[in-house]
Amino acid sequence: MTAASLFWPGLHRAGEAFTDTALVAALVRVEAAWLDALAAAGLSPAGGRALAGAAEEYDGARLAELAEAAEAGGNPVIPLVAGLRRHAAATAGAEAAAAVHRGLTSQDVVDTALQLCARDVVTALRTELDAQVAALADLAVRHRGTLTVARTLTQHALPTTFAARVASWLTVLLDARDALTALPPAPAQFGGAVGTLASLVDRLAGAGAVDPVAAADAVAADAARRLGLAHRPPWHTARRPVTVLGDAFTAVTDALGRVAADVLTGSRSEIGELREPGAPGRGTSSTMPQKRNPALAVLVRRTADTAPALAAQLHTAAAAAGDERPAGAWHAEWAPLAALARTSLAAARQATELLVGLEVDTGAMGRTLRAALPGVLAERLVPALAQLPTAGGALGTDGARGALAACGDVAALRALLGERTSAPGAELDALLARLGDPRGYLGTADLVVDAVLARARG
């Protein structure tokens, strides 16, 4: 994987997160931490310093060679360990080289390295979501009184405020941030060949440990601590530490996609209520110079559309992880997890730029709302109009609904009601003035905004 991709415009925003280079660095960190723990237990002469600078050797052609060599054993750790032993022999001697990877299995190193890579992405996503929440909170405060049309099933429904719409965006982003916060501490994976650390226990027993089983567990706990990871029993075939990450990343892309959907709607030429922040070349068309495409929202939506399938692959692999070590199912996790992490981070950074610089056209919102009257107040008007007197009794619900359906504006409705009912003109004028003002039919909009703002600031 590279830092950028023509197949995925914007992926460069993820930087080096979860790239091949980042993975190698994490793999070496794991091996070094394990060496330090072995050294503390008296089983390695040099500790992690024997691997100092080893990760930097894997760049360009050397990295490509490692990727090609990984095919032989099915994972990159096997050829990497061979290279690390050569490095350790050159820097700290043969005995230090022999201690590299002692007691571990390839899955231990890959699983732990992936947790390190994922932890960095989780931290970066939290930063982006914090910035988005701050931007939307400010937007909600500024647009508390901005009236707009609420849409349901793509159609005009009732009046609302733009602040209330922003509050719905804030809600999904806060939920996504909560999903990241609720992640359990990232665990290390140190179990050895079949999850029993048998070779380490045997070596500790040979070294004279009073309780070699407890000593082996202490080595694993020490290595996890050095990496800032949680120590837990091996999870070679208990894959929740992986699927929980996929679920959290997908929760983020779900939220970003939901916000992008509204931006895409509001950016339509015939609506024109929202515009993305401008940037040189952004939103241009190769053939239609009049266009200003919502490129950021489009790319965020793309990520939201593709993320669930990647998370599903992680769950599929988890269900197939049999025996004491999986065959194929474990290998199937790496690429989807990396893709999900990188694309979600890229989308989050796109969304931050989008929301921080979002342009809101309150004039367009007002025009749309006025053009939608009196229909968008039908829920309020029908019960009242149904009580108006006519020669044959009350106008009734069907009569009221028919009158509203036949009229494209308030003036037309007033004229029609004057013809069909016996209500005095002054009474009709007062009724329509009172019930036809969208500001009087906002329900709990302000209450909702206040509650979401309190949560955002809490």
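At 29% relative accessibility, arginine 258 counts as partly exposed in this predicted model. The side chain of arginine 258 joins that of aspartate 262 in a salt bridge, with a nitrogen-to-oxygen distance of 2.8 Å. Both residues belong to helix α9, which covers residues 240–266. Because arginine 258 and aspartate 262 are four residues apart in this helix, about one helical turn separates them.

Helix α9 is also the place of glycine 266. With a relative accessible area of 4%, glycine 266 is buried, a term that applies to values under 20%. When residues up to four places away in sequence are left aside, glycine 266 touches Ile271, Gly272, Glu273 and Leu274. Threonine 127 and glycine 266 are 139 residues apart along the chain, and a distance of 26 Å separates their C-alpha atoms.

The structure holds 24 salt bridges. The protein chain carries 41 positive and 45 negative side chains. The centres of these two sets lie 5 Å apart.

Aspartate 138 is partly exposed, at a relative accessible area of 41%, whereas arginine 142, at 52%, counts as exposed. The cut-off explains this assignment: a residue is termed exposed when its relative accessible area is over 50%.

A further salt bridge connects two helices. The side chains of arginine 455 and aspartate 178 meet at a nitrogen-to-oxygen distance of 2.8 Å. Arginine 455 lies in helix α17 (residues 445–457), while aspartate 178 lies in helix α6 (residues 162–181). The pair therefore ties together parts of the chain that are 277 residues apart in sequence. Both partners are partly exposed: the relative accessibility is 34% for arginine 455 and 40% for aspartate 178.

Salt bridges can also be joined to one another. Arg275, Arg292, Glu359 and Asp361 are linked in a network of such bridges.

The overall form of the chain was examined next. The secondary structure of the protein chain comprises 17 helices and six strands. The radius of gyration is 31 Å, well over the 23 Å that the globule rule gives for 458 residues, so the protein chain is more spread out than a compact globule. Along its principal axes, the C-alpha trace spans about 105 × 50 × 35 Å.

Of the 458 residues in the protein chain, 48% are buried. Among contacts with a sequence separation of 6 or more, 75% are between residues 24 or more positions apart. The protein chain exposes about 20,100 Å², of which carbon and sulfur atoms supply 56%.

Definitions and conventions:
Residues numbered from 1 in each chain as written. Predicted model: local features only at pLDDT ≥ 70, side-chain atom pairs only at ≥ 80, totals over all residues. Heavy atoms only, no water. Rg over C-alpha atoms; globule rule 2.2 N^0.38 Å. Buried < 20%, exposed > 50% of the residue type's maximum accessible area, 1.4 Å probe, protein only. Contact = heavy atoms within 4.5 Å. Areas by Shrake-Rupley, 256 points an atom, 1.4 Å probe, with all protein chains shown as cover. Lys, Arg positive; Asp, Glu negative; His and termini not counted. Charge placed at Lys NZ, Arg CZ, Asp CG, Glu CD. Salt bridge = Lys/Arg side-chain N within 4 Å of Asp/Glu carboxyl O.
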